[in-house]
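This report describes how two protein chains meet. The structure is shown first, and the account of the interface follows.

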Amino acid sequence: MQINVNGKNCLIKANTVFDALDELGYTDAKIATAVNETFIPEAARPTHMLCVGDRLEILAPMQGG
Amino acid sequence: MRKFYGVTLKNPLMLGTAQYPSPAILAEAFKTSGASVATVSLRRENGADQDGGQGQAFWSLIRALDVKILPNTAGCHSVKEAVTTAHMAREMFDTNWIKLEVIGNTDTLQPDVFGLVEAAKILTDDGFEVFPYTTEDLSVADRLLNAGCEVLMPWGAPIGSGQGINNPLGLRSLRAHFPDTPLVVDAGIGLPSHAAFAMELGYDAVLLNTAVAKAGDPAQMARAMANAATAGQLAALADPMEPRDMAAPSTPVIGKAFLS
């Protein structure tokens with residue numbers, strides 16, 4: 001299905017956030033996630049189902065002031 | 001010495017991690033200064049690769065610094081955005097500390113104090129230990145403390161401006177009104193003299209980034225900032241003399257020879 005990942009359209013096979021992250025190569029990465037502007041805790045990723053058009057945000061540690 | 005949510009800082013310098021010429025220079029700045037806190041942020045991962053993306057390398061660098069991590073909500077303009085970012089930061093960095101920014105104006109980057117108080121209340125009720133980036137306004141400070149904040153971080157000047165302490169009277173007044181609250185001057189510091197002055201006002205720490213990262217020699221500037229902040233802190237603890245309008249000879253007048 002087509003979803004939006006960090007602002008870019010993306011075709012994925014996965015149905016859950018957890019599987020989508022695995023498919024996109026973030027299996028062991030230090031990241032935090034949100035879907036449609038709502039925080040999805042790590043524990044909820046395996047059960048959070050994705051729908052066509054969902055906006056998945058994958059954030060990582062970055063420099064900050 | 002006032003504690004930050006139960007934590008005593010070994011050094012009154014809180015240092016940002018952005019805009020350094022290289023990761024190695026960032027690490028050197030922390031090493032030479034002994035800064036006790038590192039501010040960090042969250043941004044979109046730029047793509048997983050063999051190293052896991054840029055953010056993963058940065059995380060390895062930050063962990064090696066062995067300092068307290070203070071994630072921020074920089075760039076957030078709404079309460080919802082700031083609260084969601086805070087939740088993501090808590091999970092990512094495994095800390096309840098959050099530098100709460102709710103920006104109200106894109107030119108001055110001044111805080112939206114109304115949104116700030118609202119977000120602070122939501123987050124403290126949810127167990128966060130909030131470091132609110134605020135102004136020197138006493139009423140706002142009171143609201144933030146009532147919302148559950150135990151630390152206040154008023155600006156010295158607009159973020160990244162390097163103008164120093166724009167409102168000494170306001171910051172002095174804030175210190176006097178909240179003698180037991182840990183206070184940090186956050187933003188606007190451009191020179192070590194600014195950091196020393198903030199600490200001489202009785203503040204507990206200074207938080208800065210651009211002044212160090214954009215210096216020709218960031219590591220040396222970081223050390224200068226740390227030394228200045230420590231000097232200002234020692235001076236405040238030493239109970240400085242009161243200034244006076246007229247001269248007063250320091251050398252004793254009594255016993256002076258009559259030679260005219």
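## The interface between chains A and B

The count of salt bridges between chain A and chain B is two. In one of these, the side chain of A:Arg45 meets that of B:Glu91, with an N to O distance of 3.3 Å. These values are computed from a predicted model. Polar contacts between chain A and chain B link 16 residue pairs, both residues being at pLDDT 80 or more.

On the side of chain A that touches chain B, the elements giving two or more residues are β3, β4 and β5 of chain A. The largest share comes from β5(A), with seven residues.

| Class | Residues of chain A on the side touching chain B |
|---|---|
| Nonpolar | 14 residues |
| Polar | seven residues |

As to extent, 26 residues of chain A are in contact with 29 residues of chain B. The area buried between chain A and chain B is about 2400 Å², and carbon and sulfur atoms give 60% of this area. A:Lys30, A:Met62 and A:Gly65 supply 28% of the area that chain A buries against chain B, more than any other three residues.

Methods:
Residues are numbered from 1 along each chain as its sequence is written. Chains are lettered from A and ligands numbered from 1 in the order in which they are written. This is a predicted model: local features need pLDDT of at least 70, side-chain atom pairs count only at pLDDT 80 or more; totals for chains, interfaces and linings use all residues. Side-chain values use heavy atoms; hydrogens and water are left out. Contact means heavy atoms within 4.5 Å. Buried area is the accessible area (1.4 Å probe) that two parts lose on being put together, summed over both. A salt bridge is a side-chain nitrogen of Lys or Arg within 4 Å of a carboxyl oxygen of Asp or Glu. A polar contact is a pair of N or O atoms within 3.5 Å; within protein, one must be able to donate a hydrogen and the other to accept it, and residues adjacent in sequence count only if both atoms are side-chain atoms. Helices (H or I, at least four residues) and strands (E, at least two) are DSSP runs, numbered from the N terminus. Ala, Val, Leu, Ile, Met, Phe, Trp, Tyr, Cys and Pro count as nonpolar, Asp, Glu, Lys and Arg as charged, and the others, Gly among them, as polar.
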